[in-house]
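Colleague: Before I use the labels on this model, I would like to hear what each of them rests on.

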Amino acid sequence: WVDKECRQNIGAYDPNDKQGFPIGYGASHYILPGTDLEYLIRFQNTGTDTAFTVVVKDTLSSWLNPETIEMGAASHENTWRLTGPGIIEWRFENILLPDSTTNFEGSNGFVTFRIGMRDSTPLETDILNNAAIYFDFNEPVITNTTQHRVGINFVSVGAWSPVKPSYGVTVAPHPLQNRSWLQLQGAPDNRDYHLRIYDVNGKLLLENTASTPRFELQRKDLPSGLCFFEIRMEGALAGSGKLIVN
C-alpha cells in the first residue's frame, strides 16, 4: 500500500511539532461533527550526537475514538501500540538519527495517522492534542497543542457586496446541506425580490421570486461546491455574494 504526505510550504517553525488536518475554519479551527482528523507529528534531533532510539507518545483527546486509528506515512521504520487508554506510542528502534549539525536533512522524521471523533462529541467541544518526543534517554520534547472545535453553521457568507451599506445578508444554516433560508437584511417588505444563483462558470442554477427579502433554498436544487448569488429588488441589484453547498 502507498500513503502520500503533502505539506504546506511555510516559513521558520519548531522542528518538533504537531499539526492537525483539516486545519479547520477560522481562529477556533471549526470542523463539522463526524469529521475525521489526520495528524502529523514531526521531530528533529537537535542534539549533539546520533539518536539511536526515538519514541513518540500521543495522549489522545478523550473525544477521539482509538478504535478508528489508521496509520499513515512515516519517515522511518517503526512499531506502534496503544499503551493505555487513548495513548499511542511509536518506537523507532535503531533509527540512527544524525544530529542537525552533522546532517540537517537526515536529522528529521515524522509519523502520521488518521482518527475519528466519538459520536457523543457535543457541539462547541474543543479537541486538543499534543505529543511527547523522546530522544534516547533525554527528557521529552513536548509539541505544541493542536485545536479543533466541533460546530455547525460556522461558515459565514463571504464577499457580500451590497449596493447600499445598510443591506446585509444571512444564510442559515450555512453551508447549505438540506434546507436553508437566505435573507436580505435592512431591506423593506412588500417589494418584488428576485434571487439568482450561478455556478463558478456563470451558469444559472436557480432563480426565485418573493414579495419579502427572504428565500428558502433546497439542497436538491443545487450541486455541491461554491456558488454565487445576486439579489434584485424591483429589478435593481441589491447585492451579490457567495454560497457554499455541501
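Modeller: Start with pairing: two strands pair if DSSP finds at least two bridges between them. Helices (H or I, at least four residues) and strands (E, at least two) are DSSP runs, numbered from the N terminus. This is a predicted model, in which local features need pLDDT of at least 70 and side-chain atom pairs count only at pLDDT 80 or more, while totals for chains, interfaces and linings use all residues. Residues are numbered from 1 along each chain as its sequence is written, and side-chain values use heavy atoms, without hydrogens and water.

Colleague: What is the order of the open sheet of three strands?

Modeller: The order is E14-E15-E18, with antiparallel pairing. Strand E14 (168–172) and strand E18 (214–218) are the edge strands, as each pairs on one side only. Neighbouring strands of this sheet are turned by 20° against each other on average, direction ignored; the axes are lines fitted to C-alpha atoms.

Colleague: What makes E15 and E18 a pair?

Modeller: Five bridges join strand E15 (residues 179–185) to E18, and the definition asks for at least two, so they pair. Tryptophan 181 stands opposite glutamate 216 in E18.

Colleague: How do you know that strand E13 and strand E20 pair?

Modeller: Strand E13 (residues 161–162) and strand E20 (residues 236–245) have two bridges, in the antiparallel sense. The requirement is at least two, so they qualify. Serine 161 stands opposite serine 240 in E20. Strand E19 (residues 225–233) is joined to E20 by nine bridges, also antiparallel; there isoleucine 231 stands opposite glycine 239. E19 and E20 form a hairpin with two residues between them, and glutamate 234 in the turn has a positive phi of about 55°.

Colleague: Why does serine 61 count as buried?

Modeller: Buried means under 20% relative accessible area (exposed is over 50%, partly exposed in between; 1.4 Å probe, protein chains only). Serine 61 has 11% relative accessibility, so the residue counts as buried. Serine 61 lies in the loop between strand E4 (54–59) and strand E5 (64–74). Not counting residues up to four places away in sequence, serine 61 touches Ile127, Leu128 and Asn129, where contact means heavy atoms within 4.5 Å.

Colleague: What makes a set of residues a nonpolar core?

Modeller: The set consists of buried Ala, Val, Leu, Ile, Met, Phe, Trp, Tyr and Cys residues joined through side-chain atoms within 4.5 Å. The largest has 25 residues, and Phe43 and Val54 have the most contacts inside it. A second, separate core of 23 residues includes Val169, Leu176, Leu195 and Val245.

Notes. Axes fitted to C-alpha atoms, helices over the stretch in contact; angles between N-to-C directions.
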